Amino acid sequence: MSNDENGQAFSKMNSSLKENLLDRMRNTHQSSERNRMARSERDLPPVARRQQARFEDLPEYKQVLTQKIVSEQLGIANPFYRAHQAAAGATTVIDGRTLINFASYDYLGLNRHTHVLDRARDTIATFGISASASRLVAGERPVHVELEEKIARFYGVDAAVCFVSGYLTNVAAISCLMGPKDLVIHDEFIHNSALAGIKLSGATRRLFKHNDTADLEHVLRTVAGDYRHIMVIVEGIYSMDGDIANLPALLKLKAEYGFWLMVDEAHSLGVLGRRGKGLAEHFGIDPHEIDIWMGTLSKTTSSCGGYIAGSAALAAVLKASAGGFVYSVGLAPVLGASAVASLDILEREPERTAALRRNGSLFLKLAQEAGLDTGLSGGFSVVPVIVGDSLRAVQLSNDLHAAGVNVLPIIHPAVPEGSARLRFFITSDHTEEQIHRTVTLTAERLKDLTERNFGLGGVDIEQMLKALSAR
């Protein structure tokens, strides 16, 4: 037989094998699908013809539209999605204006640090931008291991796992570790990403009053049901209120009632503790006593992504079973390298954390002296100024923007109506003059809005309803 004939025979055989494989796959899939459909259709009445809803008819869209109409009626500009024209830190540039900026997570001013930028450039030159695949398949890069080992050493625990998103980190880890036979108890002000993870897990969910370990103990005492695992979730620094979890009291309860303790350190890594090592260092507690450390790479480490740190077994389970790790592209090498470089600086320059602590304390002190409601804040990385009325909070943000200060409002549904606020993110790079000026302007502008009774009370409901019906 000639070479051509051999080639044709091989091609036919290869084609036949492919067809057989596809037929087997189709038969398996179709058989499974038929069984599923048969189960779902068993004893069910015929389905009536239904009209598919339009997105324009959804209540969520109507709420957005209502907020827009109310803002238009009161002449309030939208403070969200303003484009920054430079790297944002203690200052930023918007529409060509340089503003004092209190809307950046860059707590230690590392986003433009030469060491971070140099490491990023070198990594891009070698690896490009993307990992281009799941780490499990073909996306593993040396910097992934380097970052995970560095995070684990920084915390003083055995291992860490990194994810491409901070939000995804909570969703993936919680849904992987917990299931329908489990119970998750969380602080009532826990981040939305944790709530999403709990929902996806199918676990029973209970909450306790914010930062109230006595109420947590009450919940633990009244737990009914034979749960396989129980997890308690808190935040190191709460992102909306700026106060910290009572770790010693939580560990006492953990010893008595037996549960996994998960601490979200998104806003406390690099902020708490003399060397910025977070909540455990702040309280002088062995980090091994906490089962799950979670955090983000987008704040102190001026990158993007998230991590879980803890035991080697925990890391192994997540790398093998967490959908957000197994089925997601690996963290971009440049982001991993930038986070490593940021941790290098944090380890070498703990004075950045000290400067942040001074600035946070100063801002809190001046705000309280000016009569501003700072809520529960401890004066660390987050200081809210609680306004109450959502419209007033938005207008206060706009007034400050016009006066040269960039700070964003937090309104319903992110916080309950009646507790709207401006949320000030403090950095180590803010100057005392910037802090003094900002607090003075905030107090003056808020006083003016309050005296004018600006807010929801000034809305013409009848006119608003007419405008809504016209759309």
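Student: How many salt bridges does a search of the whole structure find?

Tutor: The search finds 18 salt bridges, and since they come from a predicted model, every distance discussed here is computed from that model.

Student: What makes the contact between Arg 135 and Glu 148 a salt bridge?

Tutor: The term requires a side-chain nitrogen of Lys or Arg within 4 Å of a carboxyl oxygen of Asp or Glu, and the N to O distance between the side chains of Arg 135 and Glu 148 is 2.6 Å, so the pair meets the criterion. This pair links distant parts of the chain, with Arg 135 in helix α4 (residues 135-139) and Glu 148 in helix α5, 13 residues apart. Arg 135 and Glu 148 also belong to a network of salt bridges in which Glu 140 and Lys 319 take part.

Student: Why are Arg 135 and Glu 148 called buried rather than exposed?

Tutor: Buried means a relative accessible area under 20%; Arg 135 has 7% and Glu 148 has 5%, so both are classed as buried.

Student: Which parts of the chain does the salt bridge between Lys 150 and Glu 347 tie together?

Tutor: The side chains of Lys 150 and Glu 347 meet at 3.1 Å, N to O. Lys 150 lies in helix α5 and Glu 347 in helix α13 (residues 333-348), so the bridge joins parts that are 197 residues apart in sequence. Lys 150 is buried at 9%, whereas Glu 347, at 41%, counts as partly exposed, because that class covers the values between 20% and 50%.

Student: How are Glu 369 and Lys 365 placed relative to each other in helix α14?

Tutor: They are 4 residues apart in helix α14 (residues 351-369), and therefore separated by about one helical turn. An α-helix has 3.6 residues a turn, so residues three or four places apart point the same way. The closest N and O atoms of Glu 369 and Lys 365 are 3.0 Å apart. Glu 369 is called exposed because its 54% relative accessibility is over the 50% cut-off, while Lys 365, at 45%, is partly exposed.

Student: Is His 144 buried or exposed, and on what value does that rest?

Tutor: His 144 has 3% relative accessibility and therefore counts as buried. This residue sits in helix α5 (residues 142-155) and, leaving aside neighbours within four places in sequence, is in contact with Ala 131, Arg 135, Gly 139, Gly 330 and Leu 331.

Student: What value decides the class of Asp 399?

Tutor: Its relative accessible area is 17%, and because the limit for buried is under 20%, Asp 399 is placed in that class. Asp 399 lies in helix α15 (residues 390-402) and touches Arg 445 and Leu 449, not counting residues up to four places away in sequence.

Student: What makes β3 an edge strand of the sheet?

Tutor: The open sheet has 7 strands in the order β3-β9-β8-β7-β6-β4-β5, with mixed pairing, and the edge strands, β3 (159-163) and β5 (204-208), each pair on one side only. β3 and strand β9 (residues 306-310) pair in the antiparallel sense over 5 bridges, and Ala 160 has Ala 309 as its bridge partner in β9.

Student: How many residues of β3 are buried, and which way do they point?

Tutor: In β3, 5 of its 5 residues are buried: Ala 159, Val 161 and Phe 163 point one way, and Ala 160 and Cys 162 the other way.

Notes: Residues numbered from 1 in each chain as written. Predicted model: local features only at pLDDT ≥ 70, side-chain atom pairs only at ≥ 80, totals over all residues. Heavy atoms only, no water. Pairing = 2+ DSSP bridges. Helix = DSSP H or I, 4+ residues; strand = E, 2+ residues; numbered from the N terminus. Buried < 20%, exposed > 50% of the residue type's maximum accessible area, 1.4 Å probe, protein only. Contact = heavy atoms within 4.5 Å.
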